[in-house]
Amino acid sequence: MFIKQLSVFIENRSGRLEQVTHVLKKNNINIISISLADTSDYGLLRLILSDPDKAITILKEQEFSATITDVIAVKFTQHVGQLSELLTILSNADVDIEYMYSLTSGKNDASIVLKTNNQQKALDTISESSFELLLPEEAYSLRD
């Protein structure tokens with residue numbers, strides 16, 4: 001099952017990140033997970049949110065450049081080597097990782113968010129393994 005990730009392109013200038021988070025807060029949208037990458041001119045903010053469809057509509061109304069991307073979230077238990085095991089499974093299936101970041105529930109549980117070069121093949125490969133996927137309704141409702 002895919003999870004919707006919101007990507008927002010923001011200029012590298014003071015207060016711009018705060019503006020995005022303020023819009024989300026004002027509209028009662030919870031940030032479940034966040035990742036920020038930057039270049040000299042702009043930042044790429046990736047978010048898992050409690051209501052991604054509402055968020056993209058509101059942010060576009062506020063003239064932010066935003067898109068929704070399907071990503072995969074894989075549940076992890078806390079043991080050594082689990083990420084290596086997952087990456088080996090995907091590598092053996094010729095699936096390349098484009099990016100990833102962590103997602104936590106605040107209950108000592110963790111998940112990893114993945115975007116790959118072939119999302120459907122990655123989803124099928126993970127589903128056939130011993131790893132468990134985080135379902136959208138679980139991801140959008142995570143709280144501390």
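Two aromatic pairs turn up when the whole structure is searched; the structure is a predicted model. A pair of aromatic rings is described by the distance of the centres and the angle of the planes.

One of the pairs consists of Phe-9 and Tyr-42, with 6.3 Å centre to centre and 55° between the planes. This arrangement is tilted, because only planes over 60 degrees apart count as edge-to-face and those under 30 as stacked. Phe-9 belongs to strand β1, residues 3-11, and Tyr-42 to strand β3, residues 42-49, so their contact ties together parts of the chain that are 33 residues apart in sequence. As for accessibility, Phe-9 has a relative accessible area of 35% and is partly exposed. Tyr-42 is likewise partly exposed, at 39%.

The other pair is formed by Phe-76 and Phe-131. Their ring centres are 6.0 Å apart and their planes meet at 45°, so this pair is tilted. Here too distant parts of the chain are linked: Phe-76 sits in strand β4, residues 65-76, while Phe-131 is in the loop between α4 (119-127) and β7 (132-133), 55 residues apart. Phe-76 has a relative accessibility of 15% and counts as buried, because the cut-off for buried is under 20%. Phe-131, at 8% relative accessibility, also counts as buried.

A further contact involves a ring and a charged side chain. Arg-46 lies over the face of Tyr-99, at 3.5 Å from the ring centre.

Note on methods
Residues numbered from 1 in each chain as written. Predicted model: local features only at pLDDT ≥ 70, side-chain atom pairs only at ≥ 80, totals over all residues. Heavy atoms only, no water. Phe/Tyr/Trp six-rings, centres within 6.5 Å; stacked < 30°, edge-to-face > 60°. Helix = DSSP H or I, 4+ residues; strand = E, 2+ residues; numbered from the N terminus. Buried < 20%, exposed > 50% of the residue type's maximum accessible area, 1.4 Å probe, protein only. Lys NZ or Arg CZ within 6 Å of the ring centre and 35° of its normal.
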